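Have the coordinates open while reading.

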Amino acid sequence: VNITSGNTYHFRAAAKDCTGNSVYGQDTVFTSGTTSGALTVSKTARNLTSGSGFSSSVSAGPSDVLLFMITLQASGNQSVQNVFVRDLFPANLIYKNQLVVSGANYTGDIISGINIGTISAGQTVTITYQAQVAPAQNFSYGTTTLSNSVSATSSNTGYNPASAVSIAVTRSVVYAASTISTGLTNNLWVDSFILPLLLALTGIWMWRSGLFFRKSFKSEQEL
């Protein structure tokens, strides 16, 4: 008997004695098992602000813009049907849309979840979208790690694959300008060493030229 996957079959036991009398058992029903599709999901991100490449862990600063990419693949020999994808955003990560599914703009919200239909056996589907790290005041000084995960479901797989990206957000300490006096007044003539030097050289020249002595001698003669 050829049994086809997904069909319902009836059967019962039958027996015949030596006199030719037949005896039948109770009718029983069973449904043959269906072949499940195999769905895999992976997630990576890149920092658009700093220009990093795609990775499962990225570094970022406050207010940086990130690009996420989800890769879905029907890796078995069966299509995966009714694929639903949802991203779970952590606090301090803001969804900025720009949703693209396999190269085409897509209307939907990845946080609420999107249904991308059927993925054929061996086919790969990519989903990209942008997000922004919250402003500096939302983070303590130092490094805070955010975990951003995606999950996928389908109508003919017996499991829900998931993947996550780690985002290390660093808020650096910014030192304020010093108010300690440096002795400078931002006045070119006052702050410059040239003016005091010229005054000192002029005084030396006048002393050596006898200008001070001549004035004193003249004053004595007048007396």
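## Contacts and strand pairing

The backbone nitrogen of Gln-81 lies 2.9 Å from a polar side-chain atom of Asn-156. The model is predicted. Asn-156 sits in the loop between β14 and β15. Is Asn-156 buried or exposed? The relative accessible area of Asn-156 is 17%. The cut-off for buried is under 20%, so Asn-156 counts as buried.

**Strands around β15.** Strand β14 (residues 142-153) and β15 pair in the antiparallel sense, over 10 bridges. Within this pairing, Ser-147 stands opposite Ser-166 of β15. Strand β15 (residues 162-171) also pairs with strand β6 (residues 57-60). Here the sense is parallel, and there are 4 bridges. Val-58 has Ile-167 in β15 as its bridge partner.

**Salt bridge.** How many salt bridges does the structure hold? There is 1. Lys-43 forms a salt bridge with Asp-87, and the closest N and O atoms are 2.5 Å apart. Lys-43 belongs to strand β5 (residues 39-47) and Asp-87 to strand β8 (residues 80-88), so the pair ties together parts 44 residues apart in sequence. Both partners, Lys-43 and Asp-87, are buried. Side chains of opposite charge can pair when their charged atoms come close.

**Aromatic pairs.** The structure holds 5 aromatic pairs. One of them joins Tyr-95 and Tyr-129. Why does this pair count as edge-to-face? The ring centres of Tyr-95 and Tyr-129 are 6.0 Å apart and the planes meet at 65°. The cut-off for edge-to-face is over 60 degrees, so the pair of Tyr-95 and Tyr-129 falls in that class. This pair links distant parts of the chain. Tyr-95 is in strand β9 (residues 93-95), while Tyr-129 is in strand β13 (residues 124-133), 34 residues apart. Tyr-95 and Tyr-129 are both buried. They also belong to a cluster: ring pairs link Phe-68, Phe-89, Tyr-95 and Tyr-129.

Arg-171 lies in strand β15, which spans residues 162-171.

Note on methods:
Residues are numbered from 1 along each chain as its sequence is written. This is a predicted model: local features need pLDDT of at least 70, side-chain atom pairs count only at pLDDT 80 or more; totals for chains, interfaces and linings use all residues. Side-chain values use heavy atoms; hydrogens and water are left out. Rings of Phe, Tyr and Trp (its six-membered ring) pair if their centres lie within 6.5 Å; planes under 30 degrees apart count as stacked, over 60 as edge-to-face and the rest as tilted. Helices (H or I, at least four residues) and strands (E, at least two) are DSSP runs, numbered from the N terminus. Buried means under 20% relative accessible area, exposed over 50%, partly exposed in between (1.4 Å probe, protein chains only). Two strands pair if DSSP finds at least two bridges between them. A salt bridge is a side-chain nitrogen of Lys or Arg within 4 Å of a carboxyl oxygen of Asp or Glu. A polar contact is a pair of N or O atoms within 3.5 Å; within protein, one must be able to donate a hydrogen and the other to accept it, and residues adjacent in sequence count only if both atoms are side-chain atoms.
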